[in-house]
Amino acid sequence: MALDFARSQRSTIGVEWELQILDPAGDLSPVAPQLLQEVEHRAPGNGLIHQEMLRNTIELVSRKRTTVAGCAQDLQEALDLLAPVLAEHGVELAGAGSHPFAEPGAQAVSETERYSELVERTQYWGRQMLIFGTHVHVGVEDRAKVVPIMRHLATYLGHIQSLSASSPFWDGLDTGFADNRAMMFQQLPNAGLPEPFTNLAELEELVAGLTRVGAIGDISELRWDLRPAPRLGTVEVRVCDAASNMLELRAVAALIHCLVEDASRALDAGDLPKVLPHHFVTANKWRSARYGMDAVLIEDARGRQEPVRLRLPALVARLEPVAADLGCAGDLDAIVGILAGGVGYERQRAVAQRTGSLDAVVAHLRSEMGAGRPLDPGGTPRLDAVHAPVSGNRG
């Protein structure tokens, strides 16, 4: 079963940003259908604002662009379109991988056949999917590059997940995880890490087999953290929690953009991009979800380990020439400043520690959305009760 992989311009980029709709009390509000209807009336066919599984969620989708800045311009256009409609309904938007205290099972599902079927199929776990992500698509001009680029990206999924982690709280509790969204999402069928295929024929055989037995309807039902998107001619990174602000979203998108182009250049030179054994990729995913920026990640097939907090600045420095060529040097460099002030889950925990209030965490998320950048939480991020030594994290 050959995949019809669309022709795409090399290293084009698109970004999808799932945002929470908040009522004046900071809880989730199920008014997405009304917002979508009114925006469509005011700006027909804008294509930037989409429905998601839950009625408390709005997804912003950029156009196909060549730069992160272009994507950000589209997402800001979508926010500007939404602003008057949000004001009329008395609601606001916020970004994070989870809502700190909303009850997962009490959320209304969008009235579409696709989402109704998913909840019917997955039952309890489907009703728990109160999670929000950022997805980044990058164009691949040669279908023969898709699998090698995906294997290279898998090596860095732990780094990307640690940087974007913003879901420490769940149903009013601190889970102890930096990225609890990762733990929830993998409960769905065909979710989590991609299978460790080594070439396009193995991927095509996997898709054909799962389709034949009715496990999926098509490749879009593979909800992997990293997957090919043949219809668009892209690879799609889906491991990221939703960013709480535009600056952080741009930084994460720039890292992914540069990693794809870096792998593509290696392939052009006849080199194989860096690949990590699948069992180490699996270990890194769990460590990054649990420990976030305190994770010690496995860096190569020999098992060499390094704290991600030290590794990320070095990775940014290595990718600077690629970022300059892609026009996202400033966005990539922003990662260093973000690390200094604490990533999303660290800032949320700092607010909760300082105030003792999850309402204050929601208020902080609202403020970051409005400011378009991370804000000082006014406290020191709480260290995990189990702080692993530099030699490695268990699990």
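Which element gives the most to the lining of the second largest pocket? The answer is α2, with five residues. The structure is a predicted model, in which local features need pLDDT of at least 70, side-chain atom pairs count only at pLDDT 80 or more, and totals for chains, interfaces and linings use all residues. Residues are numbered from 1 along each chain as its sequence is written, and side-chain values use heavy atoms, with hydrogens and water left out.

Pockets come first. Rolling a probe the size of a water molecule over the atoms shows where empty space is left. The search runs on a 1 Å grid over the protein atoms alone. A pocket is an open set of points with protein on both sides within 12 Å along at least five of seven lines, whereas a cavity is a set of points where a 1.4 Å probe fits but cannot get out. Lining residues have an atom within 4 Å of a point. Points are joined across faces, edges and corners, and a volume is the space filled by probe spheres set on them. Helices (H or I, at least four residues) and strands (E, at least two) are DSSP runs, numbered from the N terminus.

The second largest pocket has a volume of about 250 Å³. Its lining counts 15 residues, and L79, L86, L93, M369 and G370 lie nearest its centre. Two or more lining residues come from each of α2 (68-89), β4 (92-94) and α13 (358-371). By class, nine are nonpolar, four polar and two charged. Here Ala, Val, Leu, Ile, Met, Phe, Trp, Tyr, Cys and Pro count as nonpolar, Asp, Glu, Lys and Arg as charged, and the others, Gly among them, as polar.

The largest pocket has a volume of about 1,300 Å³. Of its 45 lining residues, E16, R114, R227, E236 and R238 are the closest to the centre. Elements that give two or more residues to this lining include β1 (13-22), α3 (113-127), β10 (226-229) and β11 (234-241). The lining divides into 17 nonpolar, eleven polar and 17 charged residues.

Two cavities of 30 Å³ or more are found. The largest cavity has a volume of about 110 Å³. It is lined by 20 residues, with S164, A242, A243, S244 and E248 nearest its centre. At least two lining residues each come from α5 (157-164), β11, α8, α12 and α13. Eight are nonpolar, eight polar and four charged. The second largest cavity holds about 40 Å³ of space. Its lining consists of Q161, R181, A182, F185, D225, R238, V239 and K285. Helix α6 gives the most to this lining, with three residues. The classes are three nonpolar, one polar and four charged.

R181 and F185 also meet in another way. The charged end of R181 sits over the ring of F185, 5.8 Å from its centre. This label requires NZ of Lys or CZ of Arg within 6 Å of the ring centre and within 35 degrees of the ring normal. R290 likewise lies over the face of F177, at 6.0 Å from the ring centre.

The whole structure holds three aromatic pairs. Rings of Phe, Tyr and Trp (its six-membered ring) pair if their centres lie within 6.5 Å; planes under 30 degrees apart count as stacked, over 60 as edge-to-face and the rest as tilted. F177 and W286 form an edge-to-face pair, 5.9 Å centre to centre with 85° between the planes. This pair links distant parts of the chain, 109 residues apart: F177 is in the loop between β7 (173-174) and α6 (180-185), and W286 is in helix α9 (residues 278-291). The rings of W286 and Y291 are also edge-to-face, because their centres are 6.2 Å apart and their planes at 75°.

Buried means under 20% relative accessible area, exposed over 50%, and partly exposed in between (1.4 Å probe, protein chains only). F177 has 16% relative accessibility, so F177 counts as buried. Y291, at 6%, is buried. W286, at 31%, is partly exposed.

The largest nonpolar core has 123 residues. Such a core is a set of buried Ala, Val, Leu, Ile, Met, Phe, Trp, Tyr and Cys residues joined through side-chain atoms within 4.5 Å. Helix α8 (residues 246-268) supplies its largest share, twelve residues.
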